Amino acid sequence: MHTISMYVRSIALSTLFLLALPALASQNTVLVLGDSLSAAYGIPSETAWVELLRNRLKRQGMNWAVVNASISGETTDGGLRRLPDLMKKNAPDIVIIELGGNDGLRGFPPNVIESNLADMISTVQQAGATPVLVGMQIPPNYGQRYTRMFASIFPTLSDRYDTVLVPFFLDGIYDQDGLMQDDGIHPTEDAQPRLLDNIWPRLEPLLSDKVRG
């Protein structure tokens, strides 16, 4: 009798597992590879734009997992070194690349920043995923030539690799009262919905296309 009971229980568990497979298989993944702007620097993590993205996807009934691999202080070099393992571990369908700001603030050569971002885009595309490149700008006190060269990196790569581009992540934020922390670099808690709104129009069509595909 005990053997029969164990057999029945095994069949029941196997059935439940099989029923769960379609739901697991249908869930897609967004990987966010960013710096402090995406790592909730100086604000509660539950109010950060990445968490707001999770909440929006859930409210809209979109079956997407969001993996936040952002690290405060991260550079394009660090992101490039971490990306292969992140791709292998998470098998994302979409990768949001939000890097380059720290490189610019540290005065790294624009050609090095561009090369690192290009390698990241290629890595994502070769894995069959879709990259979303998040554009940044730096303050003009770095000199007009450097500031212009840095800003041009993102649209140049977007054109070269036919990649979706968020033109400027801090658009409508960096110059508004109460939306930047005292350091003048990091957005406040109140700015987080705007960060998501700056990304959403470029991201949402990809989410829908991947689900239909």
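Modeller: Start with a definition. A cavity here is a set of grid points where a 1.4 Å probe fits but cannot get out. By this rule the model, which is predicted, has one cavity of 30 Å³ or more. The volume of the largest cavity is about 50 Å³. Its lining is made by Ser-36, Leu-37, Ala-40, Tyr-41, Ile-43, Gln-181, His-186, Pro-187 and Gln-192. By class, that lining splits into five nonpolar residues, four polar and no charged.

Take Ala-40 from that list. Ala-40 sits in the loop between β1 and α2 (49-59). Its phi is near 60°, a positive value in a residue other than glycine. As a rule, most residues other than glycine have a negative phi. Ala-40 has a relative accessible area of 17%, so it counts as buried. Ala-91 belongs to the loop between α3 (76-90) and β3. Its relative accessibility is 52%, so Ala-91 counts as exposed.

A pocket, unlike a cavity, is an open set of points. The largest pocket holds about 420 Å³ of space. It is lined by 19 residues, and those closest to its centre are Met-136, Gln-137, Pro-139, Leu-170 and Gly-184. The lining comprises eleven nonpolar residues, seven polar and one charged.

Next, the overall layout. The chain has seven helices and five strands. Read from the N terminus, the order is α-β-α-β-α-β-α-α-β-α-β-α. Of the 213 residues, 46% count as buried. Take the contacts between residues at least 6 apart in sequence: 76% of them join residues at least 24 apart.

Now the packing. In soluble globular proteins, nonpolar side chains tend to be buried together. In this chain, the largest nonpolar core has 55 residues. Trp-49, Ile-96, Leu-117 and Leu-207 have the most contacts inside this core. Helix α7 (residues 192-212) gives the most to the core, with seven residues. Leu-117 shows what such contacts look like. Leaving aside residues up to four places away in sequence, Leu-117 touches Thr-76, Ile-97, Leu-99, Leu-133, Ile-153, Phe-154 and Leu-157.

Look at β3 (residues 94-98) in its pairing. Strand β1 (residues 28-34) runs parallel to β3, and five bridges join the two. In that pair, Val-30 stands opposite Ile-94. Four bridges join β3 to β4, again in parallel. Ile-94 faces Thr-130 in β4. Ile-96, one of the core residues with the most contacts, has Val-132 as its bridge partner in β4.

β4 (residues 130-134) pairs onward too. Three bridges tie β4 to strand β5 (residues 164-166), in the parallel sense. Here Val-134 stands opposite Val-166.

How covered are these strands? In a regular strand the side chains alternate between the two faces of the sheet. In β3, five of five residues are buried.

Asn-102 lies in helix α4 (residues 101-105). Buried means under 20% relative accessible area. Asn-102 is at 14%, so it counts as buried. Beyond residues up to four places away in sequence, Asn-102 touches Asp-35, Gly-73, Glu-74 and Thr-75.

Technical notes. Residues are numbered from 1 along each chain as its sequence is written. This is a predicted model: local features need pLDDT of at least 70, side-chain atom pairs count only at pLDDT 80 or more; totals for chains, interfaces and linings use all residues. Side-chain values use heavy atoms; hydrogens and water are left out. On a 1 Å grid over the protein atoms alone, a cavity is a set of points where a 1.4 Å probe fits but cannot get out, and a pocket is an open set with protein on both sides within 12 Å along at least five of seven lines; lining residues have an atom within 4 Å of a point. Grid points are joined across faces, edges and corners, and a volume is the space filled by probe spheres set on the points. Ala, Val, Leu, Ile, Met, Phe, Trp, Tyr, Cys and Pro count as nonpolar, Asp, Glu, Lys and Arg as charged, and the others, Gly among them, as polar. A nonpolar core is a set of buried Ala, Val, Leu, Ile, Met, Phe, Trp, Tyr and Cys residues joined through side-chain atoms within 4.5 Å. Buried means under 20% relative accessible area, exposed over 50%, partly exposed in between (1.4 Å probe, protein chains only). Contact means heavy atoms within 4.5 Å. Two strands pair if DSSP finds at least two bridges between them.
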